[in-house]
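Dear colleague,

Please find below the structure that I am handing over to you.

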Amino acid sequence: MAFGIDALSFPNRKFKIFILFILGTILVVTWATVNRNRTVTLNEGRISQRVLDDLKKDLEKFNIEINEKIRPLDLRITNLENKDRKYPPVKYLAEKDRKRILITGGAGFVGSHLADALVMAGHEVTVVDNFFTGRKRNIEHWIGHENFDLLNHDVVEPLLLEVDQIYHLASPASPPNYMYNPIKTIKTNTIGTLNMLGLAKRVHARLLLASTSEVYGDPEKHPQREDYWGHVNPIGPRACYDEGKRVAETMCYAYAKQEHVEVRVARIFNTFGPRMHMNDGRVVSNFIMQALEGKPLTVYGSGKQTRSFQYISDLVNGLILLMNSNFSEPVNIGNPSEHTIMEFAEMIRDAVGGKTPILNLAKMEDDPQRRKPDITRAKVILGWEPQVSLNIGLNRTIEYFRRELDKSKKSKLVDL
Ligand SMILES: NC(=O)c1ccc[n+]([C@@H]2O[C@H](COP(=O)([O-])OP(=O)(O)OC[C@H]3O[C@@H](n4cnc5c(N)ncnc54)[C@H](O)[C@@H]3O)[C@@H](O)[C@H]2O)c1
């Protein structure tokens, strides 16, 4: 009998194990399926596990792709942070001679060249910029240097810093840029200037305002001397800039009179050179780009209107001399060598070496007809006058634009 039970129970036990195995498998498969289709609550919405798994996979793929893209940038930052990296040569200045200098708009065309000159002279420079028209590239060669700081800040907001001198340059400068958002241009030149004058008052710093020849408007006197009050249309398309700068000058002298802030006002005439924006609509950059790209050079109006252009290094020297002078009235900083716009177009086309035609387009509203600084004051007070001839300056600028154009063509090829 015992044999009979054993004999029966053996296949029975195998059968039981088999049943248990089948049941277990069904259980595991059912659990996996249910779990995969299970809905998961994400914030207020519901999402299935399957969708969630797919999303996770997509995210992993995205992470891999993005890391590949970020790697070159990481390498660039690491290079920038590398203590062994080479900076342009910097003079050593004794503590008593070394100044803490703020440059607003220091990532722009003029500001970045001014930062170069001041850091190289041994001063401690802080650049403040909101990068509206400025670029980090313009000052990246100083990032990480112990005498250099960069703040991403809009001057329309107040700023607290301990400084000895403020070069207040923050403002869009080319017509398309300042007309793009006229209200912001007015705010930058009024509230921004008030903020910087307030800072100058608090920390007893000297402030230099980068004013402009545009305060003379479409001048009725020629050449323009600093005692000429100007001829500006207060409601024209350029007024946000012209009147903004005029009131910025007014503010400087109000702070000087009432709060004894030391102010310097530079009335800057058209300036050109490397680091100008390639597409900012200013006449020099327009002509150079058009000539380099083999396009017709476009002259607004008859082309008989005149301008005087100074090279950037002359302007920077003039600004530094003025800041460190004892003279507080406005000073013209510009090159009195006057040419018609048509002459400029021909000069640039010849320097580039092209044969593209020159096209006359409709005249721009409120475009000044004559511009030429009288620089007697700068000569007498600062001992300053331009050193770089138009030809030399143009050749340097054309070379810079050529390189930039090559770089942008190469980067477009890489993007493809
Ligand atoms: N370049 C010229 O021919 C010329 C002529 C006359 C006057 N200026 C004056 O010189 C200064 C510099 O001109 P540029 O040619 O270098 O122009 P730019 O546009 O290259 O530089 C202006 C800089 O100011 C910054 N900026 C603008 N609004 C700002 C804000 N609200 N807060 C902080 N930063 C701000 C921009 O991002 C840019 O870096 C300007 O004040 C301009 O009016 C220049």
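This is a predicted model: local features need pLDDT of at least 70, side-chain atom pairs count only at pLDDT 80 or more; totals for chains, interfaces and linings use all residues.

Residues are numbered from 1 along each chain as its sequence is written.

The whole chain

The predictor's confidence in each residue is given as pLDDT, from 0 to 100. The chain has an average pLDDT of 89, and 88% of the residues score at least 70.

The secondary structure comes to 11 helices and 15 strands. Helices (H or I, at least four residues) and strands (E, at least two) are DSSP runs, numbered from the N terminus. Of contacts between residues at least 6 apart in sequence, 78% join residues at least 24 apart. Of the 416 residues, 35% count as buried. A residue is buried if 20 or more other C-beta atoms lie within 10 Å of its own, exposed if 12 or fewer, and partly exposed in between, with C-beta atoms placed from the backbone.

The ligand

There are 28 residues around the ligand, and G105, G108, V110, T133 and G134 come nearest; a residue is near a molecule or strand if its C-beta atom, placed from the backbone, lies within 6 Å of it. Helix 3, helix 5 (182-203) and strand 7 each supply at least two residues of this shell, and helix 3 gives the most, with 3 residues. By class, the shell has 13 nonpolar, 13 polar and 2 charged residues. Here Ala, Val, Leu, Ile, Met, Phe, Trp, Tyr, Cys and Pro count as nonpolar, Asp, Glu, Lys and Arg as charged, and the others, Gly among them, as polar.

Helix 3 and helix 8

The axes of helix 3 (residues 109-120) and helix 8 (residues 312-323) come within 10 Å and cross at roughly 65°. Axes are lines fitted to C-alpha atoms, for helices over the stretch in contact, and angles run from 0 to 180 degrees between N-to-C directions. Helix 3 contributes V110, H113, L114 and A117 to the contact, and helix 8 contributes I312, L315, V316, L319 and I320. This contact has 8 nonpolar, 1 polar and no charged residues.

Backbone geometry

Most residues other than glycine have a negative phi, and most peptide bonds are trans. F131, which is not a glycine, has a positive phi of about 60°. F131 is found in the loop between strand 4 (124-129) and strand 5 (148-152), and it is exposed because 11 other C-beta atoms lie within 10 Å. R275 also has a positive phi, near 80°, and lies in the loop between strand 9 (271-272) and helix 7 (283-292). R275 has 21 C-beta neighbours inside 10 Å and therefore counts as buried.

The peptide bond from H222 to P223 is cis, with omega near -10°. P223 is found in the loop between strand 7 (206-212) and helix 6 (239-259).

Pairs that are apart in sequence

R225 also lies in the loop between strand 7 and helix 6. R225 has 14 other C-beta atoms within 10 Å, so it is partly exposed. From C-alpha to C-alpha, R225 and N332 are 7.6 Å apart in space, and 107 residues apart in sequence.

A254 is placed in helix 6 and, with 15 C-beta neighbours inside 10 Å, counts as partly exposed. A254 and L197 are 57 residues apart in sequence and 9.9 Å apart in space, C-alpha to C-alpha.

With kind regards

Methods
Two residues are in contact if their C-beta atoms, placed from the backbone, lie within 7 Å.
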